[in-house]
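The following paragraphs lead through the architecture of one protein model. The reader may wish to keep the sequence and the coordinates at hand.

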Amino acid sequence: MSAPSLEAGVLAQINFAREHPQDYADQLRQVRDEFEGRILYRPGDDNGVMTEEGASAVDEAIGFLERQAPLPPLSQGQILAMAAQDLADMQGPEGGVGHVSPDGASPGQRVKRRGGDIYIGESISYGFDAPDDVVMQMIVDDGVRDRGHRKLLFSREYRYAGVGCGEHRAYRFMCVVDLSRTATGGPQLPAGYRPGGGS
């Protein structure tokens with residue numbers, strides 16, 4: 001049996017954090033001990049990763065997770081996954097960053113190209129090729145004042161996600177997570193809604 005893909009591993013790790021936030025907080029407590037100043041030394045990484053906030057960002061994330069109620073897992077959205085992979089495939093070889101792809105498309109436009117709609121959120125990780133590290137980067141959200149990536153992963157509104165990863169010229173690897181209320185990025189319509197205003 002083949003090993004799960006990086007994309008599948010990232011989604012599984014996101015769902016573990018959503019379903020078991022206090023257990024994920026325990027994992028972060030172990031990571032906290034891997035700091036020397038603002039440099040994080042993950043197991044097997046002798047070079048370390050320079051962070052902006054150091055262990056204080058991990059402490060803040062632990063506090064958030066301790067207060068976070070468990071959430072339902074995110075289901076795989078194939079259209080979302082294809083759109084996420086599109087950004088990784090376009091941006092990685094050029095070494096770019098950000099949510100606008102080299103051809104000028106926004107996250108919603110990329111999903112629409114794949115047959116979906118524009119009602120999505122997007123989180124991107126740069127520099128890691130292991131699911132644990134990708135998701136930890138998004139949850140700790142070092143250097144991001146509003147912790148926007150974390151908020152996306154723990155949004156009660158989202159029910160579906162798609163992940164796309166690939167090599168990155170500047171940061172070695174990148175992973176894109178597109179999230180939505182629906183599997184296609186479409187709006188979540190009220191129960192009983194019928195086109196044309198009927199109910």
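A residue is called buried when its relative accessible area is under 20%, and exposed when that area is over 50%. The model discussed here is predicted. By this criterion, C165 and C175 are both buried. These two cysteines are joined by a disulfide, with an S to S distance of 2.1 Å, and a search of the whole structure finds 1 disulfide. The link connects distant parts of the chain, since C165 belongs to strand 6 and C175 to strand 7, 10 residues apart. The torsion about the S-S bond of C165 and C175 is about 110 degrees, and the disulfide is therefore right-handed.

An open sheet of 4 strands has the order 4-6-7-5, with mixed pairing. Its edges are formed by strand 4 (75-76) and strand 5 (120-126), each of which pairs on one side only.

How are the two faces of strand 5 covered? In a regular strand the side chains alternate between the two faces of the sheet. In strand 5, I120, E122, I124 and Y126 lie on one side, while G121, S123 and S125 lie on the other, and all of them are buried. Accordingly, 7 of the 7 residues of strand 5 are buried.

Helix 4 (residues 78-94) lies across strand 4, strand 5, strand 6 and strand 7 (172-180), and runs at about 20 degrees to strand 6. Helix 6 (residues 131-140) also packs on the sheet, where it touches strand 5 and strand 7; its direction makes about 115 degrees with that of strand 5.

The buried residues of helix 4 include I79, L80, A84, L87 and Q91. The buried residues of this helix pack against helix 5 (107-113) as well as strand 4, strand 5, strand 6 and strand 7. Just after helix 4, G95 adopts a positive phi of about 75 degrees.

Conventions
Residues are numbered from 1 along each chain as its sequence is written. This is a predicted model: local features need pLDDT of at least 70, side-chain atom pairs count only at pLDDT 80 or more; totals for chains, interfaces and linings use all residues. Side-chain values use heavy atoms; hydrogens and water are left out. Two strands pair if DSSP finds at least two bridges between them. Contact means heavy atoms within 4.5 Å. Axes are lines fitted to C-alpha atoms, for helices over the stretch in contact, and angles run from 0 to 180 degrees between N-to-C directions. A disulfide is a pair of cysteine sulfur atoms within 2.5 Å. Buried means under 20% relative accessible area, exposed over 50%, partly exposed in between (1.4 Å probe, protein chains only).
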